[in-house]
Amino acid sequence: PEVVRRCKRTEMSNSERIWKDGHLQQRRSSAKSSRWQRRYIQLLADCLRVYEDESMKRMRHQIALNTVNIVEHSDVVFELARRHDASNTVSLMFTAEDVKQAAGWLKELYWLRYRAEGGGVFGRSLADVMRAQADTGGVTDVPRIVSECVSFLSTETCLGTEGLLRKSGQKKAVSALRLAYQRGESPDLTAASAHETATLLRIYLSELPEPVVPYFAYANFLTAGQKISLGDPDTELANLQGLIQILPVENRNLLKLLSCLFHMVQQQSDRNLMDATAIATLFSSSLLSDDNDRLLVNAEMALDPQPRGLAVSTITALIENYERLFGDIEFEQVIRRSVTPPPPPSPSPATLYLPQHQQHSASCVPTLTAGSTASAEIQKALSSITRLYREKAEESYALTRELVSLKSRLAACAHCQRHLLEAASEKADTAPPASAMAVAAQAAAEAATAEPTESSCPTCTFHRSETACMRTVIAELSDRLRGLQSENEALYKMLLAFNGGTGCGSHGAAAGNVSGSDTSR
């Protein structure tokens with residue numbers, strides 16, 4: 001049956017994409033007394049199919065998604081209820097094994113059923129949500145739910161609410177607001193409290209598949225946050241501004257709007273009792289985090305081994321230095337632009353517009369004369385450099401995570417630890433009493449930097465090689481990571497130079513450099 005299932009999925013993949021499949025317990029809604037039966041379910045872009053089993057020999061039901069509404073009865077039970085204007089459609093109920101499985105099905109169902117109406121936004125990537133909003137003619141800068149929540153929370157009444165962003169609203173009211181946005185509706189937030197709206201915003205951000213700052217930029221942002229607290233703030237803020245400009249446009253816009261709101265809240269901290277550090281602590285995991293909150297290996301972060309503390313410091317710097325990092329712009333204008341779609345750009349050839357996923361903010365895009373012969377070359381060079389930077393950063397991130405895993409396995413190897421202790425004890429026993437401690441420390445250091453063979457450490461030997469020990473693999477990966485970081489730093493400096501050092505300077509000399517010898521690189 002498994003082979004038949006795979007073959008049939010391969011045949012359908014050319015014309016129909018299977019978004020999700022698996023087993024659920026199913027029954028008809030009208031037959032209350034009927035038993036739950038285990039069925040194999042396939043979810044396609046416009047319909048849901050229920051098969052007898054995974055062999056897919058017999059189809060029990062096929063439901064067009066636009067003829068049903070999704071109704072949640074509990075954490076694990078949901079229903080595809082037939083709409084009143086739909087004919088030849090049955091209502092089916094499903095139950096999952098646990099909450100996680102049910103949430104996975106509901107996320108895809110809401111997205112496929114309501115995305116054309118602007119719904120299904122919880123748990124979806126920013127890129128998906130922004131593409132769907134562009135297709136429906138909605139907000140083009142940030143997700144609609146964020147813009148409406150920020151617009152409501154930025155009012156004078158809400159800003160003065162004690163515990164804003166920290167205290168939770170009523171669970172029933174928050175669930176109703178969430179369901180409305182999932183269905184593409186526009187709920188009246190003025191009928192809700194500030195705490196309920198803030199809770200809704202916090203839930204949306206926490207369910208993003210990736211934090212607002214993408215994983216590939218995680219280590220760079222932490223390093224910048226640490227240097228701001230330890231070094232020259234002016235110089236490091238300029239570097240942080242450059243990192244922000246290199247983010248994908250949808251991430252940069254969302255980070256800017258949230259930083260704007262948080263800055264407004266902390267300005268009223270005497271009334272709402274929420275300073276920048278308290279806000280950063282609440283939202284650091286949604287804005288800047290690793291996928292499992294483990295510190296990435298970076299020598300520049302050695303002064304502070306706590307990644308959460310570094311993340312909070314970085315977000316605090318974003319909030320407190322909002323005007324310097326994002327430009328001296330009135331907060332009301334930022335809120336208004338996030339709610340009202342901006343006018344379409346002029347098609348004049350005098351301005352250089354990059355692709356949507358690579359464009360920088362309008363103030364940082366170089367303006368060229370209409371007859372410039374270097375415009376196409378500069379556009380191609382900037383696009384190539386930006387793409388290379390992100391690719392190198394993502395590769396560095398993956399290598400760093402592998403190093404973290406390998407070093408954790410090495411540290412957990414009891415055989416290695418016992419070997420180090422025995423070697424240290426032997427040297428300490430044969431040394432004079434006065435220098436026993438120093439000799440033991442030196443022996444332990446030598447053993448730690450040595451490259452034991454497979455026979456000396458059979459426990460932690462790297463399984464993909466017969467003779468290579470994990471220490472050797474770690475050394476090789478570290479060298480490769482250092483090379484990638486050097487290349488990434490060079491690309492980053494080129495981007496900063498192109499944007500005038502801090503992102504908003506002159507572009508004449510930088511444009512000439514990029515269109516010259518650097519283009520070939």
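Q: Which helix gives the largest share of the lining of the second largest pocket?
A: The model is predicted, with local features needing pLDDT of at least 70 and side-chain atom pairs pLDDT 80 or more, while totals for linings use all residues. Side-chain values use heavy atoms, without hydrogens and water, and residues are numbered from 1 along each chain. Helices are DSSP runs (H or I, at least four residues) numbered from the N terminus; α2 (99-114), α6 (171-182) and α7 (194-206) each supply at least two lining residues. The largest share, eight residues, comes from α6.

Q: How many residues of the lining of the second largest pocket are charged?
A: The lining counts 28 residues, with Glu 72, Asp 75 and Arg 178 among those nearest the pocket centre. Asp, Glu, Lys and Arg count as charged, while Ala, Val, Leu, Ile, Met, Phe, Trp, Tyr, Cys and Pro are nonpolar and the others, Gly among them, polar. The lining has 11 nonpolar and 10 polar residues, and the charged ones number seven.

Q: Is His 263 buried or exposed?
A: His 263 belongs to helix α10 (residues 249-267). Buried means under 20% relative accessible area, exposed over 50%, and partly exposed in between, with a 1.4 Å probe and protein chains only. Because its relative accessibility is 6%, His 263 is buried.

Q: At what distance from the ring centre does Arg 178 lie over Phe 122?
A: A charge sits over a ring if NZ of Lys or CZ of Arg is within 6 Å of the ring centre and within 35 degrees of the ring normal. Arg 17 sits over the ring of Trp 19 at 3.8 Å. For Arg 178 over the face of Phe 122, the distance is 4.4 Å.

Terms used: 1 Å grid on protein atoms, 1.4 Å probe; cavity = no way out; pocket = protein on both sides within 12 Å on 5 of 7 lines; lining within 4 Å.
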